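Take a walk through this model, one feature at a time.

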Amino acid sequence: MIRDITLGQYYPVDSVLHRMDPRTKLFGTMIFIISLFLSDSIGAYVIATGFLVSAIKISRVPFRFMVRGLKAVMFLLLISVSFNLFLTDGQVLVKIWFLKITREGIRISCFMGLRLIYLVVGSSIMTLTTTPNELTDGLEKSLGFLKAVKVPVHEISMMMSIALRFIPILVEETDKIMKAQMARGADFESGNLLQKAKSMVPLLVPLFISAFRRATDLAMAMEARCYRGGQGRTKMKPLRYGRRDQAAYMVCFVYLAAMVGVRMVL
């Protein structure tokens, strides 16, 4: 389960999506997320599925690796689907004691499940095809207009980049600590919920200590390199749009227009 977390990981491969400007990928991800919340019909989800499958195909990231991150949110997915399935009012199809399954509940739970799956996979595509440094530059450039109102854009982008960079590191550290504790006789699987929570203490304490130690080392390293924020900093590789980015923007606008059109018609 620990190694199934793919958010924040970068998959190095040569593809059109990897070579795109990070601002383009951020914009495409935002458009895709917005479109999912606009989707309330089968036609809309068919279009969203085609858009997502196309993005996965041109990213050249193995599909099995990409959907592996769904295991980490499977519990949340099951809870969301179950609540919508049994607690939605409408035309009752099946009733067992106080639980009832309605036609509207089936429809909403299916759409909710697909929405969560597409959100996870769509967000993973961006992180799997964009390095943390590129993501920082893209965020800073995209939110540059906020500097006019004294928003520390560079610092916010740096914190988000560091957080994403630390995800795979902490996942690997958790796996090592868990294996070491299991070799000493720790049991993380058996027992009731309270016993399982207590068994996590030998895992969480060294994990927090390791995380704070890494944070301190990172802060010292940044101070040793005279890091003083984003004021006056220049880029060795400034971001520039290419033809592929222009084409991607056009595809995103066409996709959004199609989603809005389907919502208005259906």
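Begin at the hairpin. Strands β1 and β2 form it, with two residues between them. In that turn, Trp97 has a positive phi of about 60 degrees. Strands here are DSSP runs of E with at least two residues, helices are runs of H or I with at least four, and both are numbered from the N terminus. β1 covers residues 92–96 and β2 covers residues 99–102. The two run antiparallel, joined by four bridges. Strands count as paired if DSSP finds at least two bridges between them. Ile96 has Leu99 in β2 as its bridge partner.

This is a predicted model, so a word on the ground rules: local features need pLDDT of at least 70, side-chain atom pairs count only at pLDDT 80 or more, and totals for chains, interfaces and linings use all residues. Residues are numbered from 1 along each chain as its sequence is written, and side-chain values use heavy atoms, with hydrogens and water left out.

A nonpolar surface patch is found here, made of Leu93, Val94, Ile96, Trp97, Phe98, Leu99 and Ile106. Together these residues have about 750 Å² of accessible area. Such areas come from the Shrake-Rupley method with a 1.4 Å probe, and for residues only the protein chains shown count as cover. Patches are made of residues with over 30% relative accessible area and no salt bridge; like charges are joined within 9 Å, and nonpolar side chains (Val, Leu, Ile, Met, Phe, Trp, Tyr) within 5 Å. β1 supplies the largest share of the patch, three residues. Leu93 is a residue of β1. Leu93 counts as partly exposed because its relative accessibility is 43%. The cut-offs are these: buried means under 20% relative accessible area, exposed over 50%, and partly exposed in between (1.4 Å probe, protein chains only).

Now step back to the whole chain. It has 11 helices and two strands. Along the sequence the order is α-α-α-α-α-β-β-α-α-α-α-α-α. The C-alpha atoms fill a box of roughly 65 × 55 × 40 Å along the principal axes. Of the 266 residues, 34% count as buried. The accessible surface comes to about 16,800 Å², and 67% of it belongs to carbon and sulfur atoms. Contact means heavy atoms within 4.5 Å. Among contacts between residues at least 6 apart in sequence, 74% join residues at least 24 apart.

What lies inside? The largest nonpolar core has 29 residues. Such a core is a set of buried Ala, Val, Leu, Ile, Met, Phe, Trp, Tyr and Cys residues joined through side-chain atoms within 4.5 Å. Phe32, Ala48, Leu52, Met66, Tyr118, Ile125 and Tyr255 have the most contacts inside this core. At least two core residues come from each of α2 (22–38), α3 (42–59), α4 (63–67), α6 (103–128) and α11 (243–265). α3 gives the most, with seven residues. Tyr255 shows how the pieces meet. Beyond its neighbours within four places in sequence, Tyr255 is in contact with Ile31, Phe32, Ser35, Ile47, Ala48 and Phe51.

Next come the salt bridges. The rule asks for a side-chain nitrogen of Lys or Arg within 4 Å of a carboxyl oxygen of Asp or Glu. Arg263 is partly exposed, at 40% relative accessible area. Asp40 is also partly exposed, at 32%.

Helix α8 holds other pairs. Glu172 and Lys176 form a salt bridge, with the closest N and O atoms 3.7 Å apart. They sit four residues apart in α8, so about one helical turn separates them. Asp175 and Lys179 meet at 3.5 Å, N to O. They too lie in α8, four residues apart. Asp175 is buried, at 11% relative accessibility, whereas Lys179 is exposed, at 53%.

Finish with two loops. Most residues other than glycine have a negative phi. Arg60, in the loop between α3 and α4, has a positive phi near 65 degrees. Arg60 is exposed, with 54% relative accessible area. Lys150 also has a positive phi near 65 degrees. Lys150 lies in the loop between α7 (132–142) and α8 (153–183), and is exposed at 75% relative accessible area.
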